[in-house]
Amino acid sequence: MEQEKILSTLSEKLGETSFSPQTLQTYVELNPIAEGSEPDEAYWNKAVNFLKGMQGQYNHDVATRVEDFKKNYKPQPTPPTPPTPPVPPKNDDELEKKLKELEARLDAEDSKKVQADLLKKVTAAMKAKQANDDYVLDKTLQGVTFDTKKTVDELVTEFLPKYDAEYKACRGYGTAPRTSDDSGGTQHNAASRYFERKGKKEGWKKN
């Protein structure tokens with residue numbers, strides 16, 4: 001979508017605003033769409049929420065400056081040249097800085113949601129792999145920042161060995177880290193089955 005069309009659609013979705021077309025254009029230029037792509041609903045929602053939040057801060061700053069002027073202004077016995085009321089900030093660098101700060105806050109909130117969702121999915125997937133000790137699982141995943149480029153299966157593969165190590169550190173070495181009940185019996189993990197087969201083959205494990 002061409003930049004002019006993005007700017008037009010953004011103005012329509014934003015509605016009445018104190019921002020000038022040049023300010024909106026600055027936002028669009030700072031948040032380009034990949035060539036050949038179309039802005040999705042997430043792009044529009046983020047843009048509208050960002051600019052409305054910025055406008056609220058902008059209006060607050062202006063109101064504060066005007067109020068400070070009213071409180072601090074004291075007429076002189078001989079009327080001086082009337083002071084010029086404070087002008088709302090129009091410095092592009094200052095505006096760009098505030099835009100980036102607000103955008104960074106929104107990105108941080110998005111990142112927290114993604115990490116929370118990954119934690120829920122990885123926890124469920126690890127439990128499906130018999131990592132059923134909630135205390136050990138919580139210790140294993142505590143404070144972890146997941147690599148969002150990896151799939152849930154890849155993350156499970158990465159953290160299962162860490163769960164096993166944490167289990168041994170917390171529970172000792174007498175019990176297999178990951179087991180599941182099967183008709184009232186206990187099915188050993190892959191390591192236990194390996195040594196059982198090895199023992200039978202070499203003669204030191206009875207059937």
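Reader: What pattern does the chain follow when read along the sequence?

Author: In this predicted model, the chain runs α-α-α-α-α-α-β-β-α. That makes 7 helices and 2 strands.

Reader: How do you know what counts as a helix or a strand here?

Author: A helix is a DSSP run of H or I with at least four residues, and a strand is a run of E with at least two. Helix 1, for instance, covers residues 3–14.

Reader: What share of the chain counts as buried?

Author: Of its 207 residues, 25% count as buried. The word applies to a residue with under 20% relative accessible area.

Reader: Why is D133 called buried?

Author: The relative accessibility of D133 is 17%. The cut-off for buried is under 20%, so D133 counts as buried. D133 sits in the loop between helix 4 (92–128) and helix 5.

Reader: What makes the approach of the D133 side chain to the backbone nitrogen of Y135 a polar contact?

Author: A polar atom of that side chain lies 3.1 Å from the backbone nitrogen of Y135. A polar contact needs a pair of N or O atoms within 3.5 Å, and the value for this pair is 3.1 Å. The D133 side chain also reaches the backbone nitrogen of V136, at 3.1 Å.

Reader: Which residues does D133 touch, not counting those up to four places away in sequence?

Author: On that count, D133 touches Y163, Y167 and R171.

Reader: Which residues make the contact between helix 5 and helix 6?

Author: Helix 5 contributes Y135, V136, L137, K139, T140 and L141. From helix 6 come F159, K162, Y163, E166, Y167, C170 and R171. By class, 8 of the residues in this contact are nonpolar, 1 is polar and 4 are charged.

Reader: Why is Q130 called partly exposed?

Author: Q130 has a relative accessibility of 29%. Buried requires under 20% and exposed requires over 50%, with partly exposed in between, so Q130 counts as partly exposed. Like D133, Q130 is in the loop between helix 4 and helix 5.

Reader: Why is Q3 called partly exposed?

Author: The relative accessible area of Q3 is 33%. Q3 belongs to helix 1.

Reader: How far apart are Q3 and V28 in sequence and in space?

Author: They are 25 residues apart in sequence and 7.4 Å apart in space, C-alpha to C-alpha. Q3 touches V28, along with Q25 and E29.

Reader: How do helix 1 and helix 2 cross?

Author: The axes of helix 1 and helix 2 (residues 21–30) come within 10 Å and cross at roughly 115 degrees. The crossing is right-handed. Among the residues that meet there are I6, L7 and L10 in helix 1 and P21, L24 and Y27 in helix 2. By class, this contact has 8 nonpolar, 3 polar and 1 charged residues.

How values were computed
Residues are numbered from 1 along each chain as its sequence is written. This is a predicted model: local features need pLDDT of at least 70, side-chain atom pairs count only at pLDDT 80 or more; totals for chains, interfaces and linings use all residues. Side-chain values use heavy atoms; hydrogens and water are left out. Contact means heavy atoms within 4.5 Å. Ala, Val, Leu, Ile, Met, Phe, Trp, Tyr, Cys and Pro count as nonpolar, Asp, Glu, Lys and Arg as charged, and the others, Gly among them, as polar. Buried means under 20% relative accessible area, exposed over 50%, partly exposed in between (1.4 Å probe, protein chains only). A polar contact is a pair of N or O atoms within 3.5 Å; within protein, one must be able to donate a hydrogen and the other to accept it, and residues adjacent in sequence count only if both atoms are side-chain atoms. Axes are lines fitted to C-alpha atoms, for helices over the stretch in contact, and angles run from 0 to 180 degrees between N-to-C directions. A crossing is left-handed if the near helix is turned anticlockwise from the far one by less than a right angle, and right-handed if clockwise.
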